[in-house]
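Me: I have a structure open and would like to go through it with you slowly. Could you help me read it?

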Amino acid sequence: MTAIPLCLPKDITAEQFLSEYWQKKPLLIKQGLPQLIGMFEPDDMLGLALEEDVSARLLTQAATKQPNKSQWQLKKSPLTEADFDNLPAQWTVLVQNLEQWSPELGQLWQAFDFIPQWQRDDIMVSYAPKGGSVGKHYDDYDVFLAQGYGSRRWQLGKFCDENTEFVADEPIRIFDDMGEIVFDEVLEAGDVLYVPPKLSHFGVAQDDCLTFSFGCRRPNLMQIIDSLADVATQDSSLFIPMILPQSLQPSGELQTDSIEAIKAQLLQMLESMRGDDIIRQAVSEVVSKRQYDALVPEETLTTDELMQALAEGAVLQADYSNRLLYSKFEGEVNLYANGQRLDEIDKDAATLLMRLADGESLTVDDVAVVDPDELMEWLENGWVWLNYPA
Ligand code: SIN
Ligand code: CO
């Protein structure tokens, strides 16, 4: 299996990208992802958009804005063929979480291995005929916009912030004014444009066009606090009422001093070793959660068929529609899959799962140390997929 080269211009190292561009400025990577060329045709994505379990959106744009009427219409999945009848000239269909439908496409995340797996969100495709777009907008996340088919003209403008005003009464967050245009180029199949968070961008299909967004994510404090509460409620010692100093006070008042004393004990607990454990567990659960429900595999192999395929040269690889990651602390390794810590894994299996999480492919010789039934479970859980040699 040949390794996928990093998606970076020849004269920019991964370290340089992270320090100079990541979350700061855009970067065009000409032919950064040539593997996408010929991988999919527009019809493949239109077909996928109609699948029952897919997360898709159809966005249509009226040619002109009528008074008291929104110019854009948004229809969320499930989509039917009838939704594609009588479309206006300009429309776009978006399909999320493509790694779930194509592990081969998911594997292209390895071109972005300088971004840790837990900060990857999903691969979304947009299909639009000539003139289609999703309007001028910004995103809160970093995104690599990879052209897969046809061409799209991308314009980049100013950085936005919480004061940026969106066009009123439209179903999507768009605006008219992108400020000074700092980039204006047509991307051809295989080209990639990195867009940092909050940078305004506008992409217009030049012809039948597929654009693949490799979107990133970062947890927010709301998720962490929510997870902290979940983890902390497993710790029965935290149910014991606190000892609080008491001063004479009006019986109806809850004094600031009391709140401060409670806050101090809360912070002290978070700062303690127990707090470290709770925070580590809470963060690991949040960042290893999948955003979309898992699909139940349609067909499963028998254990014998799995071992036979491996013996014939197939390899096991991490399935990037699932989250498999590990953290290390004081010599101890914890593995997580889809929001849960894996507690029943022995050392050999853990070593293999760590290699998979790091993007390695495992051959029949690599997996010989693990019981075939356990490998079967990994496959059934969706953590791995079987990649057959071409
Ligand atoms: C698109 O592919 O048209 C939209 C992707 C994006 O702007 O993030
Ligand atoms: Co965008």
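Reply: What follows is a walk through the chain, its ligand, its core and a few single residues.

Reply: The model is predicted, so to speak of local features a pLDDT of at least 70 is needed, side-chain atom pairs count only at pLDDT 80 or more, and totals for chains, interfaces and linings use all residues. Residues are numbered from 1 along each chain as its sequence is written, chains are lettered from A and ligands numbered from 1 in the order in which they are written, and side-chain values use heavy atoms, with hydrogens and water left out.

Me: How many helices and strands does the chain have?

Reply: The chain has nine helices and 16 strands, where helices (H or I, at least four residues) and strands (E, at least two) are DSSP runs numbered from the N terminus. The C-alpha trace spans about 70 × 65 × 45 Å along its principal axes.

Me: And which domains is the chain given?

Reply: The assignment gives domain 1 (14–216), domain 2 (221–287) and domain 3 (303–387), with bounds that come from an automatic or database domain assignment. Between the C-alpha centres of domain 1 and domain 2 the distance is 42 Å.

Me: Switching to the ligand, which residues are around ligand 1?

Reply: They are Met124, Ser126, Val134, His137, Asp139, Leu145, Arg152, Trp154, His201, Thr211 and Ser213, and a residue counts as near if one of its heavy atoms lies within 4 Å of the molecule. This shell divides into four nonpolar, five polar and two charged residues; Ala, Val, Leu, Ile, Met, Phe, Trp, Tyr, Cys and Pro count as nonpolar, Asp, Glu, Lys and Arg as charged, and the others, Gly among them, as polar. Strand 5 (120–128), strand 7 (152–159) and strand 11 (209–216) each supply at least two residues of the shell.

Me: What lies 2.7 Å from an oxygen atom of ligand 1?

Reply: That is an N or O atom in the side chain of Ser126, and a polar contact here is a pair of N or O atoms within 3.5 Å. An N or O atom in the side chain of His201 is 3.1 Å from an oxygen atom of the ligand, and for a polar side-chain atom of Arg152 the distance to a ligand oxygen is 3.4 Å. Taken alone, ligand 1 exposes 260 Å², of which the protein buries 95%, with areas from the Shrake-Rupley method and a 1.4 Å probe.

Me: How much of the chain counts as buried?

Reply: Of its 390 residues, 47% count as buried, meaning under 20% relative accessible area, while exposed is over 50% and partly exposed is in between (1.4 Å probe, protein chains only).

Me: Which residues touch the most other members of the largest nonpolar core?

Reply: In this core of 71 residues they are Phe17, Phe112, Phe144, Phe212, Phe214, Leu316 and Trp378; a nonpolar core is a set of buried Ala, Val, Leu, Ile, Met, Phe, Trp, Tyr and Cys residues joined through side-chain atoms within 4.5 Å. Helix 8 (residues 347–357) gives the largest share, seven residues, and the core draws at least three residues from each of domain 1 and domain 3.

Me: One last topic: is Glu330 buried or exposed?

Reply: Glu330 counts as exposed because its relative accessibility is 73%. It sits in the loop between strand 13 (324–329) and strand 14 (332–337), and its phi is positive, near 45°, although the residue is not glycine.

Me: Where is Pro78 found?

Reply: Pro78 is in the loop between strand 3 (72–76) and strand 4 (90–95), and the peptide bond from Ser77 to Pro78 is cis, with omega near 10°.

How values were computed: A polar contact is a pair of N or O atoms within 3.5 Å; within protein, one must be able to donate a hydrogen and the other to accept it, and residues adjacent in sequence count only if both atoms are side-chain atoms.
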